[in-house]
Amino acid sequence: MNWDRIEGNWKQFKGKVKEQWGELTDDQIDVINGRRDQLAGKIQEAYGVSKEEAERQLKDWESRLN
């Protein structure tokens with residue numbers, strides 16, 4: 001999945017993000033607003049994982065969206 005498409009349709013993907021990373025609040029997801037780097041940072045904060053692990057989770061999630 002192309003991240004530009006996710007960013008452009010963020011409202012549609014917010015539910016999928018919440019399913020994957022349930023620790024993120026609706027407010028956090030709204031602030032992310034489709035920005036991949038922001039999502040990675042919020043995953044790091046909420047789950048206490050490294051930047052590399054957050055990126056790995058994002059890549060896995062993106063691949064499942066196809």
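The chain exposes about 4200 Å², and carbon and sulfur atoms supply 41% of that area (Shrake-Rupley method, 1.4 Å probe). The model is a predicted one, with local features needing pLDDT of at least 70 and side-chain atom pairs counting only at pLDDT 80 or more, while totals for chains, interfaces and linings use all residues. Residues are numbered from 1 along each chain as its sequence is written, and side-chain values use heavy atoms, leaving out hydrogens and water.

As for the fold, there are five helices and zero strands (DSSP runs numbered from the N terminus: H or I of at least four residues for helices, E of at least two for strands). The radius of gyration is 11 Å, close to the 11 Å from the globule rule for 66 residues, so the chain is as compact as a globular protein of that length (C-alpha atoms; the rule is 2.2 Å times the number of residues to the power 0.38). The C-alpha trace spans about 25 × 25 × 20 Å along its principal axes. Buried residues come to 30% of the 66 in the chain (buried is under 20% relative accessible area, exposed over 50%, partly exposed in between, with a 1.4 Å probe and protein chains only).

Now to helix H2, residues 10-20, where Trp10, Phe13 and Val17 are the buried residues. They sit on the same side of H2, because they cover an arc of only 65° around the axis (taken from the directions from the helix axis to the C-beta atoms). Facing away from that buried side are the exposed residues Lys11, Gln12 and Glu19. The cover over the buried residues of H2 includes helices H1 (3-8), H3 (26-32), H4 (36-47) and H5 (51-65) (contact means heavy atoms within 4.5 Å).
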